[in-house]
Amino acid sequence: MLSKAVFKQTLSQNWKLWVILTAVTSVIAVMIIRTFDPHAMRLAMMTFGADGPPQGMGGGPFGTGTSRFGMLTIPELMASGYYAMLGLLMPLVYVIITANSLIASQIDRGSMAYTLSAPITRIKLVFTQAAYLFAALAAMFAVVTVAGLATSQISHNALWGQAYTPDVVAAAQVLGVSNQDVENNLPLILNSPKAIVAGADARGVSQEVYTMYVELLLINQAIDGTAEIMGVTPYEFMENPAMADGNREVAQLFSMLLGVDIGVVESHMEHIVDDLYGQSIESPTMLLILMNELDHYMQDIDMDALMAANHAAAEYLGMESLELMANLHILANDQSALAVASEASGIDEATLLAFINVQLAEAEFEFDQGIYFNLGNFVNLNIGIFLLMFAVGGVSFMFSCIFNLTRNSLAFGAGIPIGFFILNMMANISPDFANFRFFTLNTLYNPANVAGGYGFIPQFMAMLVIGVALYLIGIIVFKRKDLPL
């Protein structure tokens with residue numbers, strides 16, 4: 001079905017454009033990944049103001065969030081910017097230009113007559129051109145994927161960094177068990193004061209912060225397990241945590257993970273469900289606060305007062321406010337600075353310290369980059385954008401096959417894909433334009449969902465089917481239409 005001669009000729013005519021646009025697309029991805037800094041991202045989100053960062057960007061209680069549902073991992077960061085806009089532009093330009101050059105441009109220039117004078121059928125010619133566009137897009141995103149993975153490893157040890165975090169190694173040595181045993185059974189740490197000391201020292205945090213960090217890890221495991229038991233996604237469970245109320249299997253899961261008696265778990269769950277009645281779980285940190293019964297400290301905290309506390313403490317310590325926000329352990333360990341912050345804000349020292357400890361525990365949870373880099377989600381981001389370009393390329397290719405004049409081919413083959421891009425961008429910018437998403441193929445690719453690992457398979461299948469259908473329509477039209485040869 002393929003013509004090697006036509007494929008080689010098309011390749012020779014288009015490889016320079018492919019190299020340039022693939023290089024630009026890859027370089028943008030590499031630059032974003034290289035500059036990825038979870039500390040800076042978290043600091044930026046802490047400065048959104050009194051309401052904290054928006055939901056979907058790590059927004060959680062009291063202006064906090066976790067990387068699990070935020071923008072603090074490489075795939076999440078790439079999904080929020082690169083794959084939502086920057087990563088679409090160069091491939092879109094390539095698709096529009098190349099699709100037009102494959103058929104319509106050749107007819108318009110008269111070179112199609114020369115090509116068809118050779119012993120080749122129309123169907124073989126047009127199928128070869130379609131195959132070239134498919135192969136070029138696949139190769140482009142293969143390069144982008146490899147470049148992204150290589151940069152993630154070189155810059156952040158994200159793919160195959162250390163097998164176990166330092167605290168797990170230290171705790172395993174104290175407990176006299178293997179690293180894997182500790183990794184698979186974190187309550188071993190919580191049940192051993194010596195392991196807590198060793199783990200805290202290995203991470204360079206206080207024992208209180210380290211205990212909360214381990215609990216936060218366990219809470220995330222429990223969220224995943226609960227969602228699996230309930231037959232929903234973790235996000236759906238967090239939207240409606242009351243669905244687990246009274247479920248003994250869920251209580252048993254928490255009991256096993258936390259290493260405590262099931263009766264204690266059930267009493268805590270009853271307390272948490274009462275507090276969350278009719279509400280969603282904004283972040284795993286919210287459960288950490290409730291399970292440690294710190295909500296009485298936190299509920300009346302005002303973010304403006306916290307900012308005043310930070311400013312006063314930073315001035316006392318001779319630091320910039322943002323620098324102190326990124327190094328809250330300094331404030332936690334300086335009683336005089338804590339007293340200054342308390343006086344400036346009107347928040348008592350115990351409440352300030354509880355807030356700081358939660359922040360520091362959450363930071364430890366977030367900054368384990370090797371743990372939170374999900375290879376599957378990152379690869380799926382690239383598969384998704386390839387399928388989107390494949391479907392959009394089908395639009396351009398179909399009109400290239402329908403029209404004999406370049407101006408007509410570009411009017412539709414470029415106008416419609418660009419229109420899709422603009423409508424999708426407007427739908428994402430303002431709720432007033434939300435309905436625009438129903439008029440664009442781009443809405444089928446939601447990078448945030450893909451980075452989160454949920455709700456994208458049907459959309460991927462839809463893009464594949466739409467793309468195949470559009471290419472087939474183009475092939476059939478070209479085979480049957482009259483050509484001005």
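Start by selecting Y316, which sits in helix α18 (residues 303–317). The model on the screen is predicted. Is Y316 buried, partly exposed or exposed? With a relative accessible area of 45%, Y316 is partly exposed, because that class lies between the 20% limit for buried and the 50% limit for exposed.

Keep Y316 selected and show its surroundings. Leaving aside residues up to four places away in sequence, Y316 touches D334, S336, A337 and V340. Now pick V340 as well. V340 is 24 residues from Y316 along the chain, and the C-alpha atoms of the two are 7.5 Å apart.

**Helix α18**

Colour the buried residues of α18: M303, A305, L306, A309, N310, A312, A313 and A314. An α-helix has 3.6 residues a turn, so residues three or four places apart point the same way.

Then step off the end of α18 to G318, which follows the helix and has a positive phi, near 70 degrees.

**The salt bridges**

How many salt bridges does a search of the whole structure find? The search finds two. Side chains of opposite charge can pair when their charged atoms come close.

Select D167 and R203 to see one of these salt bridges, in which the closest N and O atoms are 3.1 Å apart. This pair links distant parts of the chain: D167 belongs to helix α8 (residues 166–175), R203 belongs to helix α11 (residues 193–203), and 36 residues separate them. D167 counts as buried because its relative accessibility is 2%. R203 also counts as buried, at 16% relative accessibility.

The side chains of R203 and E364 meet in a salt bridge, at 2.6 Å from N to O. R203 is in α11 and E364 is in helix α22 (residues 349–366), so this pair ties together parts that are 161 residues apart in sequence. R203 and E364 are both buried. With D167, R203 and E364 on screen together, you have a network of linked salt bridges.

**Helix α11**

The buried residues here are A195, I196, A198, G199, A200 and R203. Just after α11, click on G204, where phi is positive at about 75 degrees.

**Helix α24**

Move on to helix α24 (residues 375–402). This helix has 28 residues and reaches 41 Å from its first C-alpha to its last, close to the 40 Å expected at 1.5 Å a residue. Why can α24 be called largely enclosed by the rest of the structure? The reason is that 23 of its 28 residues are buried.

**Helices α25 and α26**

Select helix α25 (residues 406–413) and helix α26 (residues 415–429) together. Their axes come within 4 Å and cross at roughly 20 degrees. The two helices are therefore roughly parallel to each other, because angles under 35 degrees are classed that way.

Show the side chains where the two helices meet. On the α25 part of the contact are L410, A411, F412 and G413, and on the α26 part are G415, I416 and P417. How many residues of this contact are nonpolar, polar and charged? Five are nonpolar, two are polar and none is charged.

**The start of the chain**

Go to S3, in the segment before α1 (4–34). S3 is buried, with a relative accessible area of 11%. Apart from residues up to four places away in sequence, S3 touches I120, K124 and T128.

**The whole model**

Finally, clear the selection and look at the whole protein. How many helices and strands are there? The protein has 28 helices and zero strands. It has 485 residues, of which 50% count as buried. Among the contacts between residues at least 6 apart in sequence, 70% join residues at least 24 apart.

Technical notes:
Residues numbered from 1 in each chain as written. Predicted model: local features only at pLDDT ≥ 70, side-chain atom pairs only at ≥ 80, totals over all residues. Heavy atoms only, no water. Buried < 20%, exposed > 50% of the residue type's maximum accessible area, 1.4 Å probe, protein only. Contact = heavy atoms within 4.5 Å. Axes fitted to C-alpha atoms, helices over the stretch in contact; angles between N-to-C directions. Parallel < 35°, antiparallel > 145°, perpendicular 65-115°, else oblique. Nonpolar A, V, L, I, M, F, W, Y, C, P; charged D, E, K, R; others polar. Expected span 1.5 Å × (residues − 1). Salt bridge = Lys/Arg side-chain N within 4 Å of Asp/Glu carboxyl O.
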